[in-house]
Number of protein chains: 2
Amino acid sequence: MLSIEKAREIIMSELEKLVIPQEPEKLYEPVRYTLRNGGKRLRPALVLLACDLFDADYQKALYPALGIEVFHNFTLLHDDLMDNSPIRRNRPTVHVKWDQNTAILSGDVMSIMAYNLICMVDSEVLSQVCRLFNKTALEVCEGQRLDMNYSQKDNVSIPEYLNMIGLKTSVLIAASLGIGALVAGATDKDSAIIYNFGMNLGLAFQLQDDLLDSFGDQVVFGKKIGNDILTNKKTFLLIKAFEKAKGSDLLVLKKYLSGYDFDPREKINEVISIFSKLEIRKATEEQIGKFYDNALSYLNDLSVPPDRKEVLIQFSEQLMKREK
Amino acid sequence: MLSIEKAREIIMSELEKLVIPQEPEKLYEPVRYTLRNGGKRLRPALVLLACDLFDADYQKALYPALGIEVFHNFTLLHDDLMDNSPIRRNRPTVHVKWDQNTAILSGDVMSIMAYNLICMVDSEVLSQVCRLFNKTALEVCEGQRLDMNYSQKDNVSIPEYLNMIGLKTSVLIAASLGIGALVAGATDKDSAIIYNFGMNLGLAFQLQDDLLDSFGDQVVFGKKIGNDILTNKKTFLLIKAFEKAKGSDLLVLKKYLSGYDFDPREKINEVISIFSKLEIRKATEEQIGKFYDNALSYLNDLSVPPDRKEVLIQFSEQLMKREK
C-alpha cells in the first residue's frame, strides 16, 4: 500500500517533471515560480491515497492529482492578488514580483493547465471526474466571493462562516478524495463517503488554522502569530468572541475591529487575552473535535478492509497535530 | 440545413435560458451582465453550423457552443481589466461597474462555467473535444500575453503580429468549427480542414478589424474610428507603415507613437494621411485577400457536397463585408 510520504514524494517528483512551456516567458515563468513553492502537496497526495485505498493503481490518478494541485495554486495566486497579500511561503507573490496583469493572466493559464491535466484521466471516468471537478471549482469561487463579502460585513454568523470555509477550503480536499475514488472505480456510495470524510476533515483543518493564528507556536506554524487579528479577519475565534463578549470586552473588540492603525503587539495581545477570558480556545477545540470525529466516523462505513483505512486515519492525525 | 440566422437565434435563445445562480450575487451578477451584452454570437453559431455541415444533429453541439461563447466573454472581461478599458459595447466594463476584484473572480468563475458547458458534450467525443478546447484556451492566453508584451516593444514584425493575432483571435474561431466537426463525428481530415478554414478566416477578420479602425464607417463599424491610433496599438497598418515610411513620414509616426498627449483629432488625421500616402490600405487589403482566399480554398477539400458548403461561404462573405 501507498504511504503518505511515498504519495507526496511521487507528486513532488511528477510536479518537477511537469512540462511548462518556455515562451511567452512572462506567461509561464510565474506559473513555474508558483508551482515551485515548496508546498506540502496534501491535496494531490489525497487523490493518490484515495485511489490506492480502493486497491487500484495510483498511476491512473496521477494526472488528476497534478491537476488539482495546479488548480489549488491558481486559486492561491488570484486570491493573493485580490487580498493584496505581498508574501506567500516567504517569497513575494506574483503581483508583487511581476505585476498585476501578469498575476491575472498567469493565473488564468494555470486554471486551464489544471483542466488540461484533469482531462488526461482515463476516458471511462472522464465525464464523472469532470463533473465533480467542475462543481468543486465553482464552489471554490463562491467561497472566495463570500470571504470577500464577509470582510465588509459586520455580523457574520457561525453557520455563515462554516459554509464559507466549507466552500473555500473543504470542497477541494473532499473532491481530491472523491476523484481518487472515482478513478479507482469505487462505488457511488464509497465515493460519497470518502467525499464526506474530506469535507469534515477540511473543516477541522481550517478551524485549526484559525486557532493556530492565536494559539500556535510560530516556528512550527510557519506563519506569524496574530496575523488574522491584525487584519481584522473574521475567523471562527473572532465571531465566537463577539457572540460571547459583553461590556468592556465587547467594546475593546469593537475598538480594534474599527481600524488598522493600532500598535500591532498591543492589539494582538489584548484580543488574545479576551479570547482566553471567554474560553474561545476551548469552544474552537470542541468544534474541531466534532468535525474530526465526524470525519473518522465516515471511514467506518467504507467498504474496504480496516487495515486499508489506517493510512487515512494516520493522514488525519498528522494534519491535525501540525502545531506540535 | 441550418441557416446562419437560425444558428444565431438558437444560441441567443439558449443563452437566455442558461441557468446562472443568484447567489453569491456579486459573483454571478457580473456574469449575467457580461453574457447579456448583445454580442453577435459568431463563434457558437459556427459550432452549430460546422456540426450541421456534416449532417449531424446540431443539438449535440449546443453545450460546447455555449461553452465557447462563455469562454470568449470570459477573455473579454479579463482583457478589458488588463487593458483598463472602460467601455465594451457601449456599457461600462465589469471592473468599472463593480470593481477590480469582482472582475477577476467573476472572470474566473466564467472560465469554469465554460468548461462545465464544454464537458456536457456526448461522452464519446468528450476526450477529443476537451483536448482541442484546452489547447485553444492555452493559446488564447499566449496571444493575450504577446499582445501585452508587444504594447511595450518597439519593433514588432509582421510575422510576429500575425502569430499574435492568430493565437489571440483566430484559434478560437478555428476551434469553434473544429469542435462542431468533432461532435458531428467528422473524419480527422475534415476536422483539420475546417479548423484551417477557421484560422485563415479569423486572420482575415482581425486584419479587417485593424483596417476598419482607420478606414471604416463609424456607424456600421460600431466603434470609434482611430481608437487603435490614439492608443498607439501596433496593428498591421501601423507595423506596415513603419516598414515603408521614410524621412519626415517616419518622424511624424515616431512622434505620435512616443506619447498619448496629442490633440486626438489631429493625431488620427495625420496618421491616417500617412497610411494613405504609403498605400497601407491596399497592402492590408491584399493581405486580407490572401487569408480569405486561403480560407475558401480549404473548403474545396472538404468531403461534403458543394451545396452544404454554401452556408460557410455565405458566413465568410457576411463577416468580411460588415463595413458596408
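Guide: Let's start with a pair of helices: H9(A) passes H15(A) in a left-handed crossing. Keep in mind that this is a predicted model.

Visitor: How are H9(A) and H15(A) oriented to each other?
Guide: Helix H9 (residues 188-215) of chain A and helix H15 (residues 280-300) of chain A have axes 8 Å apart, and they pack at an angle of about 160°. Angles over 145 degrees count as roughly antiparallel. H9(A) and H15(A) are therefore roughly antiparallel to each other.

Visitor: How many nonpolar residues does the contact of H9(A) with H15(A) have?
Guide: On the H9(A) side the contact includes A:Ile193, A:Phe197, A:Leu201 and A:Asn200, and on the H15(A) side it includes A:Ile288, A:Phe291, A:Tyr292 and A:Arg281. By class, the contact of H9(A) with H15(A) has six polar and two charged residues, and its nonpolar residues number 15.

Visitor: What span is expected for H15(A) at 1.5 Å a residue?
Guide: H15(A) has 21 residues. From its first C-alpha to its last, H15(A) reaches 31 Å, close to the expected 30 Å.

Visitor: What covers the buried residues of H15(A)?
Guide: Among the buried residues of H15(A) are A:Ile280, A:Ala283, A:Thr284, A:Gln287 and A:Leu299. Their cover in chain A includes helix H8 (158-184), H9, helix H12 (236-244), helix H14 (264-277) and helix H16 (306-320).

Visitor: Over to chain B. How are H1(B) and H3(B) oriented to each other?
Guide: Helix H1 (residues 4-17) of chain B packs with helix H3 (residues 42-53) of chain B at an angle of about 120°, and the axes are 9 Å apart. The crossing of H1(B) and H3(B) is right-handed. With that angle, H1(B) and H3(B) are therefore oblique to each other.

Visitor: How many charged residues are there in the contact of H1(B) with H3(B)?
Guide: H1(B) brings B:Ile4, B:Ala7, B:Arg8, B:Ile10 and B:Ile11, which meet B:Pro44, B:Ala45, B:Leu48 and B:Leu49 in H3(B). By class, the contact of H1(B) with H3(B) has eight nonpolar residues, no polar ones and, as for charged residues, one.

Visitor: What covers the buried residues of H16(B)?
Guide: Helix H16 (residues 306-320) of chain B has 15 residues and reaches 21 Å from first C-alpha to last, close to the 21 Å expected. Its buried residues include B:Val311, B:Leu312, B:Phe315 and B:Leu319, along with B:Arg308 and B:Lys309. What covers the buried residues of H16(B) includes H1, H3, helix H8 (158-184), helix H9 (188-215) and helix H15 (280-300) of chain B.

Visitor: Where does A:Pro24 lie?
Guide: A:Pro24 is joined to A:Glu23 by a cis peptide bond, with omega about -5°. As for its place, A:Pro24 lies in the loop between helix H1 (4-17) and helix H2 (25-35) of chain A.

Visitor: And in chain B, what kind of peptide bond joins B:Glu23 and B:Pro24?
Guide: B:Pro24 sits in the loop between H1 and helix H2 (25-35) of chain B. Omega is about -5° between B:Glu23 and B:Pro24, and the peptide bond is cis.

Visitor: Is B:Arg41 buried or exposed?
Guide: B:Arg41 lies in the loop between H2 and H3 of chain B. B:Arg41 is not a glycine, yet its phi is positive, about 55°. Buried means under 20% relative accessible area. At 7%, B:Arg41 is therefore buried.

Visitor: What about B:Asn232, buried or exposed?
Guide: B:Asn232 lies in the loop between helix H11 (227-230) and helix H12 (236-244) of chain B. Phi of B:Asn232 is positive too, near 60°, in a residue other than glycine. With a relative accessibility of 9%, B:Asn232 counts as buried.

Visitor: And is B:Gln152 buried or exposed?
Guide: B:Gln152 is in the loop between helix H7 (123-151) and H8 of chain B. B:Gln152 and B:Lys234 are 82 residues apart in sequence, and 9.9 Å apart in space, C-alpha to C-alpha. The relative accessible area of B:Gln152 is 71%, so B:Gln152 is exposed.

Key: Residues are numbered from 1 along each chain as its sequence is written. Chains are lettered from A and ligands numbered from 1 in the order in which they are written. This is a predicted model: local features need pLDDT of at least 70, side-chain atom pairs count only at pLDDT 80 or more; totals for chains, interfaces and linings use all residues. Side-chain values use heavy atoms; hydrogens and water are left out. Axes are lines fitted to C-alpha atoms, for helices over the stretch in contact, and angles run from 0 to 180 degrees between N-to-C directions. Helices (H or I, at least four residues) and strands (E, at least two) are DSSP runs, numbered from the N terminus. Angles under 35 degrees count as roughly parallel, over 145 as roughly antiparallel, 65 to 115 as roughly perpendicular and the rest as oblique. A crossing is left-handed if the near helix is turned anticlockwise from the far one by less than a right angle, and right-handed if clockwise. Contact means heavy atoms within 4.5 Å. Ala, Val, Leu, Ile, Met, Phe, Trp, Tyr, Cys and Pro count as nonpolar, Asp, Glu, Lys and Arg as charged, and the others, Gly among them, as polar. The expected span of a helix is 1.5 Å times one less than its number of residues. Buried means under 20% relative accessible area, exposed over 50%, partly exposed in between (1.4 Å probe, protein chains only).
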